[in-house]
2 protein chains.
Amino acid sequence: MSQNTPPHSAGNTTPAPQTDGLTGGGTPAFSPLYQQIKSLILQSLQAGEWKPGDTIPSEFDLAARFKVSQGTVRKAIDELAADNLLVRRQGKGTFVATHAEQHIQYRFLRLQPDEGDQRSEGPAERNIIECRRLRAPAEIARLLGLRSGDPVLQVRRVLAFHGVPAILEDLWLPGVPFKGLTVETLAADRGPMYALFETQFGVRMVRAEEKIKAVAADAESAPLLDVAQGTPLLSVERIAHTYNDVPMELRRGLYRTDTHHYRNELN
Amino acid sequence: MSQNTPPHSAGNTTPAPQTDGLTGGGTPAFSPLYQQIKSLILQSLQAGEWKPGDTIPSEFDLAARFKVSQGTVRKAIDELAADNLLVRRQGKGTFVATHAEQHIQYRFLRLQPDEGDQRSEGPAERNIIECRRLRAPAEIARLLGLRSGDPVLQVRRVLAFHGVPAILEDLWLPGVPFKGLTVETLAADRGPMYALFETQFGVRMVRAEEKIKAVAADAESAPLLDVAQGTPLLSVERIAHTYNDVPMELRRGLYRTDTHHYRNELN
DNA sequence: CAGTGGTCTAGACCACACT
DNA sequence: GTGTGGTCTAGACCACTGC
C-alpha cells in the first residue's frame with residue numbers, strides 16, 4: 001500500500017513506534033508517522049469512506065484506530081486542512097471539504113469586478129450552449145491523462161454578470177467517471193458545477209493549475225461574448241485534479257476583462 | 001503594542017499561563033499564546049533585529065526569552081515559515097527568508113515558457129529605460145498608501161528572454177524608504193530586484209496581489225515589446241507589501257504571451 | 001561531539017456547540 | 001453536561017549539520 005510500513009509496531013508497552021521495521025529491502029525513505037496517517041486518511045477519502053460534507057471520526061477515534069497518539073493524528077489533519085481537503089470546526093468536528101456548503105463558493109474562479117461590489121456579484125447567469133460526447137483528440141487526451149480516442153464529454157457554456165456575457169468556456173471531462181452527465185442535469189442545477197460533480201459523480205476537485213495568455217477574440221468567440229472580433233481576451237486553460245493529483249477536467253475559458261479582472265495572490 | 005497582554009503572567013511556578021490578565025478594560029478578543037509570540041517575532045523582523053538571511057535564535061532561546069515552552073514557539077515559527085517569512089533548516093537553524101539566497105529566485109514572477117525548458121530560462125536580460133523621481137499622481141498615491149504629491153520613484157524597464165523582449169514594466173516606489181536609488185544602482189545589479197531592495201534599503205517584500213487583464217499593445221508599448229500595435233498583451237498590476245501589509249511597490253507590467261504564459265496554482 | 005530543528009507522546013485545561 | 005477541536009506544556013528521542 002503505502003511506501004512505508006504501517007505504524008503498528010506490534011505490542012509496545014512503552015511509547016514511541018517510530019521504528020521503520022523492514023531492515024532488509026530497499027526503503028531508504030523515512031517518512032514520519034503523521035505523514036503515514038495523512039496517507040491513510042487520504043486513502044479513506046479517495047475510497048469514499050467519508051463523502052464531501054460528512055464529518056470524519058474524532059481525533060481520538062482516529063488515534064485509537066491507527067494506534068497513535070491524538071497529537072499525531074492532529075498534525076496529519078492539520079496538513080489536510082491546510083490543503084483544503086478537510087475543514088475543522090471547533091466544537092463540532094472535522095468535515096470533508098466540499099464545493100457546496102463552502103461559503104467561499106466558486107473557489108477556483110478568480111475573475112471579479114474591478115472595484116467595489118466585491119463578491120456581491122452572486123453566481124452569475126449560466127447558459128449552456130453545447131454538451132456532447134466525443135472521442136478524445138490527442139491533445140485533450142494527453143492533458144487528461146487518457147488515451148486518444150477515449151470517450152470524453154465536452155461542454156460549452158457562457159457565464160454572464162448582470163446580463164453581460166463575461167466568460168466563454170469549454171470543458172472536457174473523462175467519459176467514464178462522468179457517465180450519465182447530460183445537458184439537462186447541468187441546466188437544472190443551481191450552484192457551483194464542482195458541487196454537482198461531488199453529489200452526482202463522487203468526483204471532488206481538489207487542486208487546479210491555470211495557464212493564462214492574452215488572445216484576440218476570433219470569429220467564433222466574439223459574438224458569443226458580445227465583443228468585436230480582435231478584442232483582447234484572457235485565455236485561461238485550467239486542469240483540475242481530484243485526490244492523488246489525478247486530472248479530471250480540462251477547461252479552456254475566454255474571459256472578458258473590460259469590467260472584471262483576474263485576481264491573484266502571491267506569497 | 002500588540003492587541004493582547006504579553007505572555008508573561010508573572011511568577012507562575014505551575015505551568016500554563018493562558019490567563020489573559022486584564023479583567024477590566026475592553027479586550028474581548030482572545031488570542032492564543034503562540035499568536036502573541038508570532039507577533040513579537042514579527043515585530044523583531046520589522047524592527048530589523050534580524051535581517052534577511054540571518055539566523056534567528058533557537059527555539060529554546062526564544063522560549064526562554066518569551067517565557068513559554070519550546071512547543072509554543074515552534075507553533076509560532078511554523079506559521080511564519082508557512083507565510084514564507086522564515087525558513088527552517090534542520091540541524092542548522094531558522095533563518096529570515098530572503099529573495100537573494102532563496103533558490104526559488106523570482107518568486108513573484110509567474111511568466112514562464114510554454115513548454116519544456118521549465119526554469120532553465122535564467123534571470124533574463126534586463127534593460128532599464130527610465131528612472132526618475134516625481135510627485136505621486138493621485139491614483140499612484142492611493143495604491144501606495146501615500147498622499148498625492150509625495151515623492152515617488154518611477155522605473156521603466158524591459159525584460160527579455162533570449163533576446164526577445166517579453167515584459168515591459170513600470171515600477172513606482174515610495175521616495176522616502178528608497179532614497180538614494182539610482183539608475184546606476186539598478187543597472188549594476190545582477191539578481192532579483194527584490195534582493196537589492198533588501199540589501200540596499202532594508203525593505204523586504206513579503207506578499208503581493210496582482211490584477212490581470214487582457215489589453216492591446218498601444219503605440220507606446222508596441223515598439224518596446226517588438227510587437228504590432230493591437231497585439232493582445234497581459235496587463236499585470238502588482239502591489240507588493242512589506243511586513244505588516246504595508247504597500248511598498250506598485251508595478252504595472254505588460255507581458256507578451258506568444259511564447260510564454262502566466263502560471264497559477266489554485267488550491 | 002554538541003546544537004539545531006523534527007517527531008511523538010501524554011496529560012491538562014480552554015473554547016465552542018449541541019442537547 | 002458531554003464531546004469536539006484548540007492550546008499549552010514537558011520530556012523523550014530522532015535526524016541532520018558542523019565542529
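A salt bridge is a side-chain nitrogen of Lys or Arg within 4 Å of a carboxyl oxygen of Asp or Glu. The model is predicted: local features need pLDDT of at least 70, side-chain atom pairs count only at pLDDT 80 or more, and totals for chains, interfaces and linings use all residues. Residues are numbered from 1 along each chain as its sequence is written, chains are lettered from A and ligands numbered from 1 in the order in which they are written, and side-chain values use heavy atoms, with hydrogens and water left out.

**View 1. Salt bridges between chain B and chain A.** There are six salt bridges between the two chains. In one of them, A:K213 pairs with B:D114, with the closest N and O atoms 2.8 Å apart.

**View 2. Strand pairing of β11 of chain A with β8(B).** Strands are DSSP runs (E, at least two residues) numbered from the N terminus, and two strands pair if DSSP finds at least two bridges between them. Strand β11 (residues 260-266) of chain A runs antiparallel to β8(B), and five bridges join them. A:L266 has B:A208 as its bridge partner in β8(B).

**View 3. Side chains at DNA strand C.** Around DNA strand C are 23 residues (a heavy atom within 4 Å), the closest being A:L33, A:T72, A:Q90, B:R74 and B:R88. For A:Q90, a polar side-chain atom is 2.9 Å from a base nitrogen. Of the DNA strand C atoms within 4 Å of the protein, 83% belong to sugar or phosphate and the rest to bases.

Key
A polar contact is a pair of N or O atoms within 3.5 Å; within protein, one must be able to donate a hydrogen and the other to accept it, and residues adjacent in sequence count only if both atoms are side-chain atoms. Helices (H or I, at least four residues) and strands (E, at least two) are DSSP runs, numbered from the N terminus.
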